[in-house]
Amino acid sequence: MEKVQAKMVLVNKGKETCEEIACAGEGKMSSSRKIYMDYNATTPLAPEVIQTVSEAMQEAWGNPSSSYIAGQRAKEIISEARQSLAKMVGGQHQDIIFTSGGTEANNLVIHTAVKYFREGNKQRHDGLRNQKKTQGSYPHLILSCIEHDSVRLPVEHLVKEHEAEATFIPVSKATGQVEVDDVIAAVRPTTCLVSIMLANNETGVVMPISELSQQIQALNQRRVASGLPQILVHTDAAQMIGKGQVDVQDLGVDYLSIVGHKFYGPRIGALYVREPSLVTPLYPMLFGGGQECNFRPGTENTPMIAGLGKAAELVNKHCEVYEAHMRTIRDYLEERLKAVFEEQGIHFNCRLEGSRRLCNTSNFSVLGSGLQGRLMLSRCKTLLASVGAACHSEKGDQPSSILLNCGIPSHVAQNALRLSVGRDTSKEDVDLVVEDLKQAVAQLR
């Protein structure tokens, strides 16, 4: 009988197994195991999330605005998911607005801040004609120089179109953090938004958002008394959720972006807004059927919202366990890397004195010529990872701008690899990955 080979790919808990199988009863011809360590780029759906999405597709297919059973069940599921997300970030259920993802959530905040400034500016001009006014001035936004493209590019577009002004705050080369004093020093009379990510996706460094919010709240009190616009505070929490505690009361922010696929949920998102329209402004970018209290109209994607709610529920129940496990594995990974590559030279780009970092993230460079990160990965037979942010993968061998901004020399940054472990990554996985990297380096030297 002619032998027919088929390729089977199994993905389970971040491990991909490829096997060539002889369908005529022959034994396995070859096998190679792939180990995924790119959890900062995306995560697989948790089994519980898959089950929840599937059930919602079958049982809650109705329009949530309808009165019949399937519609009402969909409405209940959406409400339950909203409660789970609110609990996850320490807010109220009415503070959660579902979006298509983090990009939409971030754009919605920027859109709101600019519109809020313009409307408030018009009112100040009409009501305070004899006082110093900012009429005709552009809204001013403050960002860090290491923000995600979904924050940076919308702001750059506004600047290009002469609709706003922006200041990009550099991070400290010592800590990798945005310095609060630098943000406050950049504030102008026309400043309307400060947007600083909660944790960086490449270095894992956690930003001092609570301290920043406290300073801006105090500043806002003086600004309101002077007739100046309120400064709104936003943080993109995509990388922190599921890896550490996120509490909007402690953070003191007005807006917080939530991204489902970073914590084993589906590829949708949500925006936390502190009492939308009552305390914190929110202006829709879309207009339609009135869903999400008119802030984000469009018939709700019930199954994906259900999955997002289940992912949040898992975080609510197990976040401390997840965090402890990932930190243990991350630390073991760095111990093994140091043991194997210390003689040749290895630099941990994420170990910055005085900074807290994500429990799962290690950014490092094996030193030496010809050991660029992309070349290393191309020689790896087991490891699935990235040199940095997945959305920057088209930039070839250029060193990461984030690492350069953190003071990492160019020749070190171009060798960088970012490994991010997950909930099920094991020490055995680490051992196999480090051996894979060792062999890759041997091939390249």
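This is a predicted model: local features need pLDDT of at least 70, side-chain atom pairs count only at pLDDT 80 or more; totals for chains, interfaces and linings use all residues.
Tyr 36, Tyr 39 and Tyr 264 come together as one aromatic cluster. In total, the structure holds three aromatic pairs. For Tyr 36 and Tyr 39, the ring centres lie 4.8 Å apart and the planes meet at 75 degrees; since planes over 60 degrees apart count as edge-to-face, the pair is edge-to-face. Tyr 39 has a relative accessible area of 3%, so this residue is buried.

Another aromatic pair is formed by Phe 348 and Phe 364, with 6.4 Å from centre to centre and 55 degrees between the planes, a tilted arrangement. Because Phe 348 belongs to strand 11 (residues 346–348) and Phe 364 to strand 12 (residues 361–366), the pair ties together parts that are 16 residues apart in sequence. Both partners are shielded: Phe 348 is buried at a relative accessible area of 10%, and Phe 364 is buried at 0%.

Aromatic rings also meet charged side chains. Lys 115 is placed over the face of Tyr 283, 5.6 Å from the ring centre. In the case of Lys 427, the charged end sits over the ring of Tyr 332, at 5.1 Å from its centre.

Attention now turns to the sheet. Strands of a sheet pair through backbone hydrogen bonds, in either a parallel or an antiparallel sense. Here, seven strands make an open sheet in the order 4-10-9-8-7-5-6, and the pairing is mixed. Strand 4 and strand 6 (165–169) are the edge strands, each of them pairing on one side only. From one strand to the next, the twist averages 20 degrees.

Strand 4 is joined to strand 10 (residues 269–273) by four bridges in the antiparallel sense, and Thr 99 stands opposite Gly 269 of strand 10. Strand 10 also runs antiparallel to strand 9 (residues 255–259), with five bridges joining the two. Within that pairing, Tyr 255 faces Val 273 in strand 10. Helix 4 (residues 149–160) packs on the sheet, where it touches strand 5 (140–144), strand 6, strand 7 (191–195) and strand 8 (232–236). The direction of helix 4 makes about 140 degrees with that of strand 6.

Val 248 is found in helix 7 (residues 248–251) and is buried, with a relative accessible area of 0%. Beyond its neighbours within four places in sequence, Val 248 contacts Val 89, Gly 90, Gly 91, Val 253, Leu 256, Tyr 272 and Arg 274.

Arg 330, in turn, is part of helix 8 (residues 302–341). The relative accessibility of Arg 330 is 5%; because buried means under 20%, Arg 330 counts as buried. Not counting residues up to four places away in sequence, Arg 330 touches Arg 357, Leu 358, Cys 359, Asn 360, Thr 361, Ser 362 and Val 421.

Key:
Residues are numbered from 1 along each chain as its sequence is written. Side-chain values use heavy atoms; hydrogens and water are left out. Buried means under 20% relative accessible area, exposed over 50%, partly exposed in between (1.4 Å probe, protein chains only). Contact means heavy atoms within 4.5 Å. Two strands pair if DSSP finds at least two bridges between them. Axes are lines fitted to C-alpha atoms, for helices over the stretch in contact, and angles run from 0 to 180 degrees between N-to-C directions. Rings of Phe, Tyr and Trp (its six-membered ring) pair if their centres lie within 6.5 Å; planes under 30 degrees apart count as stacked, over 60 as edge-to-face and the rest as tilted. A charge sits over a ring if NZ of Lys or CZ of Arg is within 6 Å of the ring centre and within 35 degrees of the ring normal.
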